[in-house]
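Reader: Could you take a close look at the salt bridges for me, pair by pair, and tell me where the partners sit?

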Amino acid sequence: MDIIEVLKNELQVNRSQVEAAVKLIDEGNTIPFIARYRKEATGSLNDEVLRNLDERLKYLRGLEEKKEQVLSSIREQDKLTPELEEKIKNAMTMVAVDDLYRPYRPKRRTRAMIAKEKGLEPLADHIMLQMAKEPLEKTAENYISEEKGVGTIQEALDGAKDILAERISDNAEYRTYIRRTTMEQGMIQSSAKEEGKESVYEMYYDHEEPVKKCAGHRVLALNRGENEKILTVKIAAPKEQILRYLEKQVIVRDNPYTAPALKEAVEDSYDRLIGPAIEREVRNSLTEAAEEGAVKVFGKNLEQLLMQPPITGRVVLGWDPAFRTGCKLAVVDSTGKVLDTVVIYPTAPQNKVEEAKKVLKNLIRKYHISLISVGNGTASRESEQVIVELLKEIDDPVQYVIVNEAGASVYSASKLAAEEFPDFDVAQRSAVSIARRLQDPLAELVKIDPKSIGVGQYQHDMNQKHLSDALQGVVEDCVNKVGVDLNTASASLLEYVSGINKTIAKNIVSYREENGAFTDRKQLLKVAKLGPKAFEQCAGFTRIQGGDNPLDSTSVHPESYKAAAALLKKLGYKPEDITSGGLKELGKKIHDYKKLASELDIGDITLKDIVRELEKPARDPRDEMPKPILRTDVLEMKDLKEGMVLKGTVRNVIDFGAFVDIGVHQDGLVHISQMTKRYIKHPLEVVKVGDIVEVKVLSVDMAKKRISLTMLL
């Protein structure tokens with residue numbers, strides 16, 4: 001199999017692009033580095049395509065390895081024919097290789113093996129020939145042997161049929177047909193293990209739908225219900241059709257003596273050997289596809305959340321709401337430094353509202369707080385009520401935002417948080433996190449395991465390694481798209497930079513603490529364990545503000561500094577113009593990119609990237625994202641009326657819709673059918689996490705705390 005050709009066809013790109021990408025990956029380059037700084041080689045393949053290529057490359061190489069192992073095993077058994085070798089070499093999936101290997105794989109002791117040990121294989125061959133001239137019972141008499149443990153005619157016939165059943169089961173073509181037919185025509189059925197028991201799975205108590213139409217979120221829900229021992233789930237295959245197919249393949253002569261025995265062997269083979277195995281495979285295949293879809297959705301949601309625009313230049317009060325233990329507050333300055341922490345008790349059971357307001361007024365005036373970031377957990381509504389009352393009593397221009405605090409408690413109880421704030425308790429750390437995730441969502445959220453951020457569906461039910469790898473890739477892409485300030489970035493942020501691992505990230509912070517701020521990217525080479533290869537991978541994604549070289553504050557890679565300097569000189573600019581913003585019209589001065597790129601000895605794609613970066617140095621891609629809704633008043637669920645039109649923030653996107661925060665502490669659901677009048681396969685075609693959308697209230701169920709919304713205004 002030509003792996004390059006397969007990847008080319010799957011990704012719909014040129015062969016040269018695939019060859020270049022594979023070579024770069026094999027040389028140890030990271031995906032963000034290849035996507036950003038090796039566009040000339042790959043023809044500008046983006047990080048998403050490159051990650052797909054990398055994943056498929058690993059799978060296809062694993063497949064080739066498996067083929068070699070299988071061929072070697074069959075060769076050792078001296079059973080490898082040229083036809084079988086060709087079939088194995090041409091197989092495109094692990095399942096296809098497994099099917100072809102099945103007859104030759106070492107098996108545990110099966111009924112067929114035991115029958116062979118009893119010398120019944122010639123009887124099975126006789127039946128399979130379908131040339132019998134007398135009843136099989138007559139032939140079977142010859143196989144009765146006390147010594148071999150065959151006591152009766154029936155035992156001899158049963159053993160022969162066991163051998164035939166296994167042969168039928170081991171046929172790769174039959175399995176391929178049965179698997180395809182089950183996927184195309186089978187039904188997935190679920191029922192309650194215990195009738196009448198209340199649970200969230202009631203809609204699946206008597207459920208049936210075609211296998212091929214079962215949506216990913218329903219597959220994962222059925223799996224979870226089954227794991228929790230509430231549901232019984234099975235695949236109903238078109239058994240009669242499959243048996244007729246097998247009989248047609250196996251019974252090739254109309255022999256009255258052998259046909260009934262072969263029919264029995266066919267049915268036994270399907271019921272006992274093929275059917276259960278294919279059901280497992282189909283369920284696994286559905287689960288894999290569902291997980292793949294869920295991981296993609298989670299990844300997209302996570303990317304949008306991480307790329308939320310930072311709210312800069314403001315002193316923020318982080319508010320971790322609670323009842324009994326009080327609300328923990330943390331004042332954080334515009335650089336993220338903690339100025340003060342305090343506990344107030346405006347909520348039940350203490351209800352010290354006036355006392356709390358007094359503390360808040362003092363904090364606002366003392367630190368010039370202009371924004372309050374409130375976590376959306378327990379006691380959030382009660383806290384918001386206090387804030388709204390307070391804002392009406394003061395003249396200071398203060399606004400508040402309800403922040404999704406998912407993962408804040410995970411972070412605040414972590415080893416990392418303990419190292420960062422050794423003198424704070426868990427709730428104080430949580431308040432700091434709630435404030436900072438508004439100031440710079442990316443820098444704060446990278447400290448939390450992506451799975452705990454709460455923008456997925458069924459994330460705890462899927463392959464955790466696959467999920468972690470995919471989400472790590474998303475975080476890595478986001479961090480590298482934005483770039484990191486070498487002099488302020490935490491080790492948690494630095495470890496996601498291309499070419500930098502946990503150890504090197506800590507070493508960078510240690511170097512900074514011992515030697516003072518970085519003034520030149522080249523100083524990275526003095527950091528322990530950061531060699532030339534790591535420098536090549538990471539340098540372009542780091543930023544130094546006010547350093548020795550103005551290019552260090554941009555995403556221009558050091559390998560292109562010579563070309564960038566020559567470009568500026570040629571067009572009459574100085575390096576200082578980079579940081580003063582004097583290069584906004586740079587691109588207009590270039591009339592022939594190809595000619596200029598050739599003069600500068602770089603590719604024209606690289607030249608365009610350099611020009612784009614110099615025009616807007618260190619531009620933040622997050623600036624183009626919708627800003628969070630800042631509030632000054634409160635709305636409660638009971639205030640909602642059907643037909644009310646509101647603005648809201650998309651908090652989570654799932655397969656069947658999106659949850660929108662409309663400021664009432666209970667996210668409303670916009671079902672996929674209520675998003676747009678055109679047909680869409682997935683809500684991500686219309687909305688993404690962080691989007692500000694206008695919605696109309698369809699219905700409010702106070703008892704179940706459910707709000708139905710529509711975007712069809």
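Author: Asp 449 and Lys 451 pair up through their side chains in a salt bridge, at 3.5 Å from N to O. The term covers a side-chain nitrogen of Lys or Arg within 4 Å of a carboxyl oxygen of Asp or Glu. Asp 449 is partly exposed at 36% relative accessibility, while Lys 451 is buried at 15%. Buried here is under 20% relative accessible area, exposed is over 50%, and partly exposed lies in between (1.4 Å probe, protein chains only).

A word on the source: this is a predicted model, where local features need pLDDT of at least 70 and side-chain atom pairs count only at pLDDT 80 or more, whereas totals for chains, interfaces and linings use all residues. Residues are numbered from 1 along each chain as its sequence is written, and side-chain values use heavy atoms, leaving out hydrogens and water.

Next up, Arg 244 and Glu 247: their closest N and O atoms are 3.0 Å apart in a salt bridge. Both belong to helix α14 (residues 239-250), three residues apart, so about one helical turn separates them. Helices are DSSP runs (H or I, at least four residues), numbered from the N terminus. Arg 244 is partly exposed at 41%, but Glu 247 is buried at 13%.

Now for Lys 39 and Asp 609, whose side chains form a salt bridge at 2.8 Å, N to O. Lys 39 is in helix α4 (residues 39-42) and Asp 609 in helix α29 (residues 604-615), so this pair ties together parts 570 residues apart in sequence. Asp 609 is buried, at 9% relative accessible area.

There's also a network of salt bridges linking Asp 2, Glu 5, Lys 8, Arg 15 and Glu 19. The structure has 67 salt bridges.

Conventions
Helix = DSSP H or I, 4+ residues; strand = E, 2+ residues; numbered from the N terminus.
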